[in-house]
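User: I'm new to this structure and would like to learn how to read it. Could you walk me through it, one feature at a time?

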2 protein chains.
Amino acid sequence: MQMEESPAAVTIQDVAARAGVSAMTVSRVLNQPARVAPATRQRVEQAIRELGFVPNALARQLLHGRTHTLALLVSDIGNPFFTQIARGVEDVAQRNGYTVIFGNSDESVEKERQYLHALLGRRIDGLLIAPAGNGSRPMLDLLIQRGTPFVLLDRAIDGVQADVVIGDNVGGARKLTEHLIGLGQRRIALVNGDPEVPTARDRRRGYLDALREHGIEPRAELIIDGVYRRDSGERAARQLLALPPDSRPTAIFAANNFLAVGVIETLRAAQVSIPRDIAVACFDDIEMAAALDPFLTVMAQPARTFGTIGAQFLLERLDPSPNASGRPAPPRRVVLPPELIVRVSCGAQLAISNSQPVTLNS
Amino acid sequence: MQMEESPAAVTIQDVAARAGVSAMTVSRVLNQPARVAPATRQRVEQAIRELGFVPNALARQLLHGRTHTLALLVSDIGNPFFTQIARGVEDVAQRNGYTVIFGNSDESVEKERQYLHALLGRRIDGLLIAPAGNGSRPMLDLLIQRGTPFVLLDRAIDGVQADVVIGDNVGGARKLTEHLIGLGQRRIALVNGDPEVPTARDRRRGYLDALREHGIEPRAELIIDGVYRRDSGERAARQLLALPPDSRPTAIFAANNFLAVGVIETLRAAQVSIPRDIAVACFDDIEMAAALDPFLTVMAQPARTFGTIGAQFLLERLDPSPNASGRPAPPRRVVLPPELIVRVSCGAQLAISNSQPVTLNS
DNA sequence: TCCTGAAATGTTATCGATAACATCACTATA
DNA sequence: TATAGTGATGTTATCGATAACATTTCAGGA
């Protein structure tokens, strides 16, 4: 095979010239080979090979108004929860010939807005987003107005009509709190994220529900808001440790994995034994950490499934199945149940050692 | 502000019509506002706002041949090492007005090839890739031939002229092995990835170098190739445990984090105590796991920096600084030194408890 | 032998934005 | 007062692929 210098990109015209046909014929070879005479087709195919021609998708996209591109906007792919979501999204997209652009909002509505503008400019076909909070609403309304389909992942926004894939945060938080209560805990602190984030609000509600149902009066000093970051967990833990001994918590419920890490680091640095002195549990698993050492009791969510289902929903909106009634399908709402994985950090297994993690039915 | 129905996308023509000017004038307002009379500009800006016009980047891209899009192709973003790289890449890209498409190759050259074809079709401006192995070479040659700049991340390929950001795998593996030897270990197993992957080859070499320098004869049954996956680590560990007692290893060097997790899980299931019965160490840290419990001794790499430097290199190729000589800059090669983080899994700190992880200078 | 029509291929217009060039109005200068 | 020149704006062509329509060719039937 002969190598060509290709300083400028090879176009369909170049291929056509080399094969001695028109551009249209080349296009047919690419898209509907059956409509081209076999001899011609072979000449064209050879020219394509020789020139290393790869059709310019931009031109096609411009003409058809479809880019076969999805975007995934989360707060931070560094968070294993979102990483797994990304993996799930990408798998489904890839299998269906779609490409995924990803971005990190760092929980900032402003950064989200900037991204969205750039993505709209690129005419993405659809968006998967874990919105920063209710402040994201205007953006989402804009998407609806423009007719760009999107799926809310992990976080629903009140009044926004769209497919949603979320976890049962209220129920999960309630069960996790009840688990702690069942172990005899009464002074349970909640180290939470930003109340602006829906999951944080829901987890707080679940926590409060559980306390109330068990006749435990919530205490303001045991509920600390922050953000879903390690340093925020550290700060909260320090604050809790500074409480007078008789009101210091005996258990800490961290609302997400990052917060738990911060809390645990701080407790360890302060020589506080987990779970003997203070029990710890959190929402969202850290799979690799768990595999390395099944220590932290968590309310795990099927992160990757959030991504695969979300992506599937989105693709279905982009290519509605033909047997549909013609009307756009109503928004779907999938609530994935979390799973309580009891390990050692909350003291449930103090007596049992070397055992496998126990999975309770949720 | 008045809402418009926008069934079809709003174009620059629509804006022009509404503002009573030509499309060109609208284009000027967007790109060189100074050249438009203030009164006209305001009319146009209002029309843009009223219609919610977002210029179609595809059209621009088609015209200019630049998409301001980068692609990141790694084996699996689920691997925290690559996740951090992705985060680094995305940060730099975002700050410079670029967008990032990501893909997972799962170490398959074929999947890589398919991706690359799709990405070339989309006319990405540049690529960051952790190639699956030497089999990726033809693809990379194709990129060179087409003049699409790319950066090799984590893995260099022999004879490929391109910017490279890699770790010192030989040196790191040697030091980690020496650390084990220094602790009195003699029968050190290597649980490795696919020798096709450059990092696996280099880590093996470093391991062998260290053994030889210390007069230890490498043993074939202690060197197990596989792939960088958890199940491969499990299999290898089982294989090692099945060895007769007098040739069973007293330490295991896992060539990456996934392998280490598999090894440790298997050892734990077999009631083998770490580090008492068998010491374990690996390449690549698992940050969250380490924060949760500083257990595993690792040769950590500055993953995020791989991403930021790689992205910067790529951007510089896309917009060469004007003071350049005109010739394309020669390929750069950055070798980032890994850092030995001694924790407890290899027995160095058996006597010391509750202490902070120790960082040795590398 | 002429005609119909399907198969094969070509021509033109289009997607949306903008570079390059053209036009127009009006001001400053000789 | 005629004119060069500048600022503001418009027209046309273009990027690459392809939909829609046009043309050509040839086989088979009347």
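Analyst: Let's go from the overall fold to the chain contact, the DNA, the cores and a few backbone details.

Analyst: Some ground rules come before that. Residues are numbered from 1 along each chain as its sequence is written, and chains are lettered from A and ligands numbered from 1 in the order in which they are written. This is a predicted model, where local features need pLDDT of at least 70 and side-chain atom pairs count only at pLDDT 80 or more, while totals for chains, interfaces and linings use all residues.

User: How many helices and strands does chain A have?

Analyst: Helices (H or I, at least four residues) and strands (E, at least two) are DSSP runs, numbered from the N terminus. In chain A you'll find 13 helices and 13 strands.

User: What is the radius of gyration of chain A?

Analyst: That number is taken over C-alpha atoms, and the rule for a globule is 2.2 Å times the number of residues to the power 0.38. For 362 residues, a compact globule would come out near 21 Å, but chain A has 26 Å. The C-alpha trace of chain A spans about 90 × 45 × 35 Å along its principal axes.

User: What share of chain A is buried?

Analyst: Count the other C-beta atoms (placed from the backbone) within 10 Å of a residue's own: 20 or more is buried, 12 or fewer is exposed, and in between is partly exposed. By that count, 51% of the 362 residues of chain A are buried.

User: Which residues make the contact between the two chains?

Analyst: Two residues are in contact if their C-beta atoms, placed from the backbone, lie within 7 Å. Chain B puts in 49 residues and chain A 49 residues. On the side of chain B that touches chain A, the elements giving two or more residues include α4, α5 (80-95) and β2 (99-104) of chain B. (Ala, Val, Leu, Ile, Met, Phe, Trp, Tyr, Cys and Pro count as nonpolar, Asp, Glu, Lys and Arg as charged, and the others, Gly among them, as polar.)

User: Which residues come nearest to DNA strand C?

Analyst: A residue is near a strand if its C-beta atom, placed from the backbone, lies within 6 Å of it. There are 25 residues around DNA strand C, of which A:S22, B:I12, B:S27, B:N56 and B:A59 come nearest. α2(B) supplies the largest share of this surface, 5 residues.

User: What about DNA strand D?

Analyst: Around DNA strand D there are 25 residues, and A:I12, A:N56, A:A59, B:S22 and B:T40 come nearest. α2(A) gives the most to this surface, with 5 residues. By class it has 15 nonpolar, 8 polar and 2 charged residues.

User: Where is the largest nonpolar core?

Analyst: In soluble globular proteins, nonpolar side chains tend to be buried together. A nonpolar core is a set of buried Ala, Val, Leu, Ile, Met, Phe, Trp, Tyr and Cys residues joined through C-beta atoms within 7 Å. The largest one has 102 residues, and those with the most contacts inside it are A:F253, A:V263, A:V280, B:F253, B:V263 and B:V280. Among the residues that B:V280 touches are B:I252, B:L296 and B:C346, not counting residues up to four places away in sequence. A second, separate core of 92 residues includes A:L73, A:I85, A:A130 and B:F150.
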